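Me: I would like to go through this assembly with you, chain by chain. Could you begin with how the copies are compared?

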Amino acid sequence: MNLYDPFNILHSKKQLLRQVSGDIIYTGQFTDVQISIELITYNKKEVSFHKTNSIEGPFENDKIYWFNVIGLHDTELIGKIGETFNIHHIDLEDVVHVSQWSKIEDRESYLFSIFKMIYLRDKDMIHEHVAMIHKENVIVTLQEVPGDTFDGVRESIQKQLGKIRSMGSDYLYYSLIDALTNEYFDIINGISSNFRDIEMKILDNNLESKEQLYHLRKELLYLINAVSPIKDSISKLTKHNYHFMNHEMTPYYNGLMDHLNQIMDSLKAYKEMTNSLHEMQMSNVSNDMNKTMMILTVFSAIFIPLSFLAGVFGMNFTYIPGLNLKSSFYMFILSCVVIASGMLTFFKIKKWY
Amino acid sequence: MNLYDPFNILHSKKQLLRQVSGDIIYTGQFTDVQISIELITYNKKEVSFHKTNSIEGPFENDKIYWFNVIGLHDTELIGKIGETFNIHHIDLEDVVHVSQWSKIEDRESYLFSIFKMIYLRDKDMIHEHVAMIHKENVIVTLQEVPGDTFDGVRESIQKQLGKIRSMGSDYLYYSLIDALTNEYFDIINGISSNFRDIEMKILDNNLESKEQLYHLRKELLYLINAVSPIKDSISKLTKHNYHFMNHEMTPYYNGLMDHLNQIMDSLKAYKEMTNSLHEMQMSNVSNDMNKTMMILTVFSAIFIPLSFLAGVFGMNFTYIPGLNLKSSFYMFILSCVVIASGMLTFFKIKKWY
Amino acid sequence: MNLYDPFNILHSKKQLLRQVSGDIIYTGQFTDVQISIELITYNKKEVSFHKTNSIEGPFENDKIYWFNVIGLHDTELIGKIGETFNIHHIDLEDVVHVSQWSKIEDRESYLFSIFKMIYLRDKDMIHEHVAMIHKENVIVTLQEVPGDTFDGVRESIQKQLGKIRSMGSDYLYYSLIDALTNEYFDIINGISSNFRDIEMKILDNNLESKEQLYHLRKELLYLINAVSPIKDSISKLTKHNYHFMNHEMTPYYNGLMDHLNQIMDSLKAYKEMTNSLHEMQMSNVSNDMNKTMMILTVFSAIFIPLSFLAGVFGMNFTYIPGLNLKSSFYMFILSCVVIASGMLTFFKIKKWY
Amino acid sequence: MNLYDPFNILHSKKQLLRQVSGDIIYTGQFTDVQISIELITYNKKEVSFHKTNSIEGPFENDKIYWFNVIGLHDTELIGKIGETFNIHHIDLEDVVHVSQWSKIEDRESYLFSIFKMIYLRDKDMIHEHVAMIHKENVIVTLQEVPGDTFDGVRESIQKQLGKIRSMGSDYLYYSLIDALTNEYFDIINGISSNFRDIEMKILDNNLESKEQLYHLRKELLYLINAVSPIKDSISKLTKHNYHFMNHEMTPYYNGLMDHLNQIMDSLKAYKEMTNSLHEMQMSNVSNDMNKTMMILTVFSAIFIPLSFLAGVFGMNFTYIPGLNLKSSFYMFILSCVVIASGMLTFFKIKKWY
Amino acid sequence: MNLYDPFNILHSKKQLLRQVSGDIIYTGQFTDVQISIELITYNKKEVSFHKTNSIEGPFENDKIYWFNVIGLHDTELIGKIGETFNIHHIDLEDVVHVSQWSKIEDRESYLFSIFKMIYLRDKDMIHEHVAMIHKENVIVTLQEVPGDTFDGVRESIQKQLGKIRSMGSDYLYYSLIDALTNEYFDIINGISSNFRDIEMKILDNNLESKEQLYHLRKELLYLINAVSPIKDSISKLTKHNYHFMNHEMTPYYNGLMDHLNQIMDSLKAYKEMTNSLHEMQMSNVSNDMNKTMMILTVFSAIFIPLSFLAGVFGMNFTYIPGLNLKSSFYMFILSCVVIASGMLTFFKIKKWY
């Protein structure tokens with residue numbers, strides 16, 4: 001599995017370089033993505049979809065502009081966007097610095113946010129760096145690779161579904177974040193079925209689930225660490241009043257917080273249950289060993305004395321009492337049966353089989 | 001056991017659809033329940049019970065109206081209720097979205113709440129989605145399936161028991177929440193007897209309780225996660241002053257909080273005690289293995305040297321000293337007894353039996 | 001041991017009934033206790049002890065009245081007390097509802113409190129439900145059974161010890177709570193000697209302490225859950241200014257808080273130490289098993305090869321080299337000694353004995 | 001080791017007595033210490049050391065008075081001190097009640113504090129009860145036994161080292177607390193070397209460290225519980241402005257808080273590391289057992305089949321094929337070598353030796 | 001590995017001495033470092049690098065002065081710096097007291113900070129004590145040994161990279177702290193590769209990683225304790241407005257906090273994962289033992305009965321049935337095969353091989 005490691009911060013060298021030079025350097029791996037900019041302009045009456053090459057005004061007040069930029073490696077373009085919207089240098093750095101975790105910063109004149117998207121594609125967890133800039137009636141989203149996360153939003157704008165066309169840019173901003181967080185529900189579904197699979201195996205005393213369990217725990221830890229800053233960011237939004245955001249957005253953001261809390265609680269509950277699973281697995285191993293030990297002990301305790309008895313009558317002493325009696329052999333067999341039965345009774349009382 | 005999984009969020013597809021379209025879609029499984037609406041109108045002097053088909057005014061000021069709606073899949077009806085009371089779209093979505101956890105939202109003009117009920121029916125844990133809308137002297141409760149949770153409230157209205165008839169709609173609202181939380185006491189009783197059963201087994205060194213213990217831990221984790229948002233919601237109600245709620249309701253809500261705290265603390269204490277139980281179980285297994293090992297070792301340590309001795313005198317060497325003496329066999333038996341006694345004494349000193 | 005289970009809430013049925021009917025129903029088990037009311041009236045100059053049947057005014061301003069009611073099952077009497085002091089219905093319910101945990105409620109016109117007393121009587125932990133009502137210069141205490149907890153307070157009133165006679169009803173209230181919490185010190189002493197007993201056994205590698213340790217852990221969990229709400233209640237008293245309480249009571253309540261914190265910290269420390277004890281016990285078992293294994297292995301590794309050697313010369317092949325030499329037997333014995341010494345040296349190097 | 005148990009509260013009987021009677025009763029064990037009072041008076045210009053019998057005014061404003069009282073069992077003397085400085089009765093009780101934990105109380109007219117000192121003397125942990133009263137330019141310290149903790153402060157007053165002579169009584173108060181907390185650094189050093197000793201043993205797979213580790217964990221728990229209230233007290237001092245304390249003392253108290261935080265974090269870190277040590281020890285035991293098991297299995301698996309083979313040819317059947325061939329014995333030896341080599345190869349592949 | 005122990009506070013003796021005398025005494029080990037002072041003066045237009053011997057004014061207002069002092073053992077020099085900038089005595093003590101943890105103190109007239117740097121040099125973790133004083137347009141940094149941590153900052157001043165030359169001394173101060181914290185990213189990279197190495201070994205069931213895992217856990221605990229006070233200090237800076245710091249520095253410090261949070265979360269996540277690793281390792285050992293046990297039991301259970309059978313026919317009884325039949329031997333062999341097959345079938349059903 002191509003598991004992303006959110007705890008590893010590999011780009012220190014590039015970052016140091018950046019810090020010294022103050023340049024904007026893309027630290028991700030998708031340097032060969034074809035850069036493209038999609039512009040969606042709409043208001044209550046009309047909507048238009050364009051491909052464009054640059055992000056420049058003038059912006060009319062009665063329309064909402066959404067620029068969706070694919071590809072972050074053209075730092076010159078990023079620089080221009082910065083100039084157009086008067087973005088702080090430190091935010092432009094974060095747009096292209098893919099180790100940066102999710103965050104929302106309210107810079108008086110604009111709202112800046114970074115989201116770490118996590119989604120499943122062919123059973124692999126893909127992690128993507130998404131930046132969003134919100135300034136008055138313009139929203140710019142910047143992604144590393146093309147994806148379908150925003151397709152639902154695009155569709156509801158085009159087909160005039162729901163309220164999106166009749167509300168402001170703050171509702172679009174909310175819809176985009178909502179689309180991003182919806183990806184997490186898929187992740188939870190994946191975790192959930194994975195958990196049930198392992199649980200079934202362990203309840204069946206199948207010992208092969210050991211590594212699977214370890215990887216599930218690791219994944220859960222990753223996800224908790226990835227969702228946590230998103231939750232903190234949205235929580236900040238709902239508490240501090242951000243001045244591009246209309247008061248009537250509050251119920252929507254409260255709903256979003258509810259979802260994030262539910263995701264977080266689920267992840268934590270799964271994590272705790274993996275501990276219980278691990279403990280039951282350890283119990284299973286101990287029980288198995290115990291049973292193996294009992295079988296060994298039963299066999300040994302029955303046959304070791306009998307073998308000794310046979311050994312005694314196999315000795316070459318000239319005189320061994322009863323050696324010449326015809327009944328001796330049958331006496332011996334009888335003794336063996338008595339000893340074995342005694343042992344078995346003893347172990348039966350001990351409830352060993 | 002038909003265990004509900006509150007951490008699993010299965011309806012992401014439907015939900016996504018809803019988000020895009022903005023439609024109200026019921027995400028639960030009870031789509032074949034007969035929809036029915038019961039209307040209870042009462043004041044200090046009179047009370048009436050009706051079946052009705054729609055929830056519409058006008059509502060007289062000197063009466064309290066309680067609409068109890070069974071079945072959530074008629075989204076048209078839900079939509080009409082929304083219009084009648086001017087309910088926010090996002091709340092109507094939560095009425096029919098059964099993965100939504102418990103919550104209370106104060107929307108200036110009305111109070112909206114979702115409760116996840118958990119109750120035992122024939123040893124199965126049933127989870128039900130209940131929505132409540134409180135606006136001035138009207139309360140609407142919406143349930144997925146018919147149930148007897150509100151029977152006590154209905155009875156006390158009808159028979160004029162307690163204060164319910166002489167108090168306002170806020171007291172009815174409190175009584176309904178109280179009835180919902182009372183179901184949890186039954187759950188705790190079930191958990192408690194289950195715990196005592198497993199505890200007894202483990203104290204008796206019965207190893208079969210392993211899976212039972214695992215399921216109890218899982219259930220406790222579920223319940224803690226289910227009760228927690230209810231507690232948070234009620235706590236919010238007692239702290240923020242909600243303007244349909246009379247000041248004299250405070251003692252009642254404080255009492256409710258006390259109960260919920262007690263339930264929560266009990267669940268957490270049981271959870272912690274299952275850990276102690278698990279550890280004692282592991283101790284039991286280790287002790288058992290230890291005893292098995294000791295028996296094996298005692299048998300082996302006694303008979304293996306004796307067998308060797310018998311083997312020595314069973315060798316076919318032409319010359320083995322003492323082979324022809326008549327007393328040799330008795331000497332041999334004596335040696336065996338001495339060796340065995342020595343071993344047993346050694347193990348007695350080690351306190352092995 | 002007759003261990004009370006503070007987490008079990010058995011009376012849901014009675015409670016439900018009560019909730020529906022609004023009646024006051026005693027939910028405890030001491031329904032055959034002889035009901036008695038003791039009235040102590042005192043001021044700086046005089047003191048009088050009476051038996052009485054009812055709690056009624058008028059109450060003179062220059063005296064302090066303490067009614068000590070034994071037995072809670074006479075709900076009519078409880079009702080009358082409620083009327084006399086104008087007690088809220090919900091508080092009267094808590095007076096007789098013995099599953100209710102410790103709490104203090106400030107109802108403007110009076111102060112209401114519930115305490116769960118825990119004390120040792122003949123090695124059994126007794127749990128008792130005590131309610132206290134404080135209104136101006138009158139204090140009513142309500143107990144389930146007669147007991148000696150308040151004897152110290154009674155004595156200091158009678159013999160004019162300390163400041164109690166020269167101070168107000170708030171000091172009496174404090175003295176009663178102080179007497180209740182003092183019982184916990186005895187409990188801690190019991191826990192402490194119990195802990196030392198188990199610790200000694202485990203350090204001596206005595207494996208019988210397993211169940212004792214489990215019960216100690218359970219008891220500690222119980223006590224922590226029982227003391228916690230008392231601590232919260234007293235803490236609320238010290239923070240919120242309750243208007244029957246003189247400013248000069250603050251040092252006394254701070255002292256009480258110190259004691260409760262010390263009790264709580266002790267309980268938590270003991271709980272943590274039981275974990276260390278459990279782990280050492282597990283270590284002991286593992287070590288024992290390790291030693292048993294080593295003895296078995298040493299015996300087997302020495303005698304199994306020797307037995308094989310004896311078996312070889314016991315074979316009935318016509319030709320086995322050296323079989324007819326007189327020195328062969330001594331050669332064989334020598335080989336055995338060499339093999340055994342080699343094995344023992346090997347295990348000595350491995351530091352096994 | 002004479003380990004003090006801060007969690008044990010033994011004096012409940014005496015305490016109860018005290019509570020009833022309101023008397024001041026010394027609850028410690030040092031009742032035979034010779035009571036002595038040392039008085040140090042100083043200002044910028046002069047300093048004098050006296051032995052005295054009583055603590056009485058008048059106190060001149062331009063001098064600082066430090067009374068150091070050794071021995072707490074003369075409750076009459078304590079009573080007189082209480083009168084001189086107008087100390088609250090409840091504080092006088094704490095002066096002589098040695099189970100009382102560390103605390104600082106700001107009683108408007110004076111500052112009262114209790115400190116539990118812990119120091120090493122000849123490898124034993126000594127616990128001492130120290131009370132301090134600070135009123136304007138007078139400081140009274142009360143100790144159970146004579147000790148050298150304050151020697152540094154005494155010396156710096158005498159030799160005019162540092163700023164102590166040029167600053168007020170608040171600086172003296174700080175210096176005394178600083179001297180008390182400095183003792184903890186020695187304790188940490190002791191813990192640290194003890195930890196390293198055990199760590200070394202466990203890394204060397206020495207199993208004897210089991211009990212040592214248990215005692216270290218217990219000690220750490222003790223220390224954390226002892227330091228915690230001191231930290232809380234000093235923290236309260238730095239936050240609430242106490243009116244005998246000059247604003248310029250803040251940096252000193254902040255420094256003290258830094259030290260206490262460092263001590264606390266160190267203790268907690270050591271406690272956590274003892275858990276890791278315990279786990280490694282358990283790993284060691286398991287590994288050892290595993291190796292023992294492997295040796296046993298290798299020996300058994302090799303020789304048991306060979307012994308069986310020898311047994312077969314030792315049978316007394318009249319006809320056993322090959323019994324009379326001269327080469328049979330060598331064939332048999334060859335078979336044994338082949339079987340043994342096969343087994344060893346099998347275990348080599350399993351990487352068992 | 002030369003692992004620094006941040007929990008050990010070795011210098012108590014020296015410290016006590018210092019406390020008594022009030023002298024400034026360097027408590028570190030680098031007493032033979034050549035003391036040197038580098039002075040960098042710059043503004044937008046010009047920059048100059050000097051070696052100097054003393055830190056003295058006058059300081060021109062339109063320039064920024066950065067003194068970088070190497071070597072802390074010249075306490076006279078430290079004293080002079082203290083006089084020049086009017087530094088509090090307690091801060092000068094911390095400059096030379098290398099056990100002091102990271103902290104930032106805002107002393108109205110200047111900002112004082114201590115940082116514990118941790119960096120890798122040839123696989124060793126080096127810990128260094130760095131003090132920083134910021135007063136208006138002058139910044140003094142004091143290091144124990146020469147190092148390259150500040151080289152990036154020096155370079156960006158010299159080559160006029162980024163904004164450093166056009167901004168004030170507060171930006172320089174930020175750049176220096178940023179350079180210090182950047183070292184931690186290297187540490188995380190080291191931890192990360194170390195973790196992956198151990199993980200790989202444990203997933204491969206390699207048991208030698210036991211000690212490596214212990215050391216990793218210890219290191220993680222060290223780092224968490226070292227980073228935590230730095231995080232607290234920076235967090236204090238971002239919350240309290242420090243009056244040498246321009247409002248426009250806030251985004252930079254927020255970015256710094258983000259990095260420190262990311263470092264802290266990574267460390268904690270790694271620590272938690274080491275627990276999972278340890279548990280999997282324990283699982284591995286148990287599984288291995290289980291398999292060894294099974295092999296032993298299979299061998300014993302098959303051959304012990306067969307050996308007994310061979311022993312029976314090896315007895316020297318005059319009459320043993322069938323001893324003289326020619327087919328007996330083949331019957332015996334057949335019986336052996338039947339018994340062995342039966343056993344193997346039994347174990348196959350038990351799924352043991």
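Reply: Copies are superposed by least squares on the C-alpha atoms of residues with pLDDT of at least 70 in both. This is a predicted model, in which local features need pLDDT of at least 70 and side-chain atom pairs count only at pLDDT 80 or more, while totals for chains, interfaces and linings use all residues; side-chain values use heavy atoms, with hydrogens and water left out. Residues are numbered from 1 along each chain as its sequence is written, and chains are lettered from A and ligands numbered from 1 in the order in which they are written.

Me: Then what rotation superposes chain B on chain C?

Reply: A rotation of 72 degrees, with 0.0 Å of shift along its axis, superposes chain B on chain C at an RMSD of 0.1 Å. In chain B, the C-alpha nearest that axis belongs to G314(B), 4.8 Å away from it.

Me: How many residues are in contact between chain B and chain C?

Reply: With contact meaning heavy atoms within 4.5 Å, 68 residues of chain B are in contact with 63 residues of chain C. The two chains bury about 5700 Å² between them, 63% of it on carbon and sulfur atoms; buried area is the accessible area (1.4 Å probe) that two parts lose on being put together, summed over both. In chain B, Q262(B), F308(B) and F317(B) lose the most area to chain C, together 12% of what that side buries.

Me: How many salt bridges are there between chain B and chain C?

Reply: The count is 4 salt bridges between chain B and chain C, a salt bridge being a side-chain nitrogen of Lys or Arg within 4 Å of a carboxyl oxygen of Asp or Glu. K271(C) forms a salt bridge with E272(B), and the closest N and O atoms are 2.5 Å apart.

Me: Which elements of chain B give two or more residues to the side that touches chain C?

Reply: They are α4 (151-158), α5 (169-203), α7 (250-313) and α8 (328-349) of chain B. Helices (H or I, at least four residues) and strands (E, at least two) are DSSP runs, numbered from the N terminus. The element that gives the most is α7(B), with 34 residues. The residues of this side divide into 33 nonpolar, 24 polar and 11 charged. Here Ala, Val, Leu, Ile, Met, Phe, Trp, Tyr, Cys and Pro count as nonpolar, Asp, Glu, Lys and Arg as charged, and the others, Gly among them, as polar.

Me: What about the interface of chain E and chain A?

Reply: There, 68 residues of chain E are in contact with 63 residues of chain A, and about 5700 Å² is buried between the two chains, 63% of it on carbon and sulfur atoms. Q262(E), F308(E) and F317(E) lose the most area on the side of chain E, together 12% of what that side buries. The count of salt bridges between chain E and chain A is 4. E272(E) forms a salt bridge with K271(A), where the closest N and O atoms are 2.6 Å apart.

Me: Do the copies meet through the same surfaces or different ones?

Reply: Only 12% of the interface residues of chain E are also interface residues in chain A, so the copies meet through different surfaces.

Me: Which chains do not touch?

Reply: Chain A and chain C do not touch, and their nearest C-alpha atoms are 9 Å apart. Likewise, no contact joins chain B and chain E, whose closest C-alpha atoms lie 9 Å apart.

Me: Changing topic: how many salt bridges are there over all chains?

Reply: The count comes to 55 salt bridges over all chains. One pair is R154(B) with E38(B), the closest N and O atoms being 3.1 Å apart. R154(B) lies in helix α4 of chain B and E38(B) in strand β1 (residues 36-42) of chain B, so the pair ties together parts that are 116 residues apart in sequence.

Me: Finally, which residues of chain A does the UniProt annotation "transmembrane region" cover?

Reply: The annotation, from an unreviewed UniProt entry, covers residues 293-317 and 329-347 of chain A. Over residues 293-317 the chain is 84% helix and 0% strand, with the end C-alpha atoms 37 Å apart. Over residues 329-347 the chain is 100% helix and 0% strand, and the end C-alpha atoms are 27 Å apart. UniProt positions are given in the numbering used here, feature names are shortened, and annotations may be inferred rather than shown by experiment.
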